[in-house]
Amino acid sequence: MKLDVDGKYYDIVIEKKASNRNTYIRVKEDMNIYVSCNYFTTKGMIEKVLFRVKGYSVSVMLWWEVRVTWTLLPTVVLE
């Protein structure tokens, strides 16, 4: 699955686990969205949850992009 945000596509990685009772959504440094859920959670349920929290996940992705660009800037050494 992919999430479209202003023309950028982000991969959604679904991890189904037997021990989960809830659905957890994480955005990691590699700009992928990780969803961990129960085996019985359908694709439609996951899409509904992602649609509800799309604003949150977009803000986290933007935060990661800003953080990555700041860490990639060259450091200036003053002598």
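This is a predicted model: local features need pLDDT of at least 70, side-chain atom pairs count only at pLDDT 80 or more; totals for chains, interfaces and linings use all residues.
Helices (H or I, at least four residues) and strands (E, at least two) are DSSP runs, numbered from the N terminus. Residues are numbered from 1 along each chain as its sequence is written, and side-chain values use heavy atoms, with hydrogens and water left out.

**Exercise 1.** Work out where N32 sits and what the side chain of N32 makes a polar contact with.

*Solution.* 
- Start with the place: N32 is in the loop between β3 (24–27) and β4 (33–38).
- Next, burial: N32 counts as buried (under 20% relative accessible area, where exposed is over 50% and partly exposed is in between; 1.4 Å probe, protein chains only) because its relative accessibility is 16%.
- Then look at the side chain: N32 makes a polar contact with the side chain of D30, at 3.2 Å. Such a contact is a pair of N or O atoms within 3.5 Å; within protein, one must be able to donate a hydrogen and the other to accept it, and residues adjacent in sequence count only if both atoms are side-chain atoms.

**Exercise 2.** Find the order of the strands in the sheet and name the edge strands.

*Solution.* 
- The open sheet has four strands, ordered β1-β2-β4-β3, with mixed pairing (two strands pair if DSSP finds at least two bridges between them).
- At the edges are β1 (2–5) and β3, each pairing on one side only.
- Now zoom in: β1 pairs with β2 (residues 8–17) in the antiparallel sense over four bridges.

**Exercise 3.** Say where confidence is lowest and where it is highest.

*Solution.* 
- For the whole protein, mean pLDDT is 76, and 71% of residues reach 70 or more.
- The lowest confidence belongs to helix α2 (residues 54–72), with a mean of 63, and the highest to β4, at 88.

Terms used. pLDDT is the predictor's confidence in each residue, from 0 to 100.
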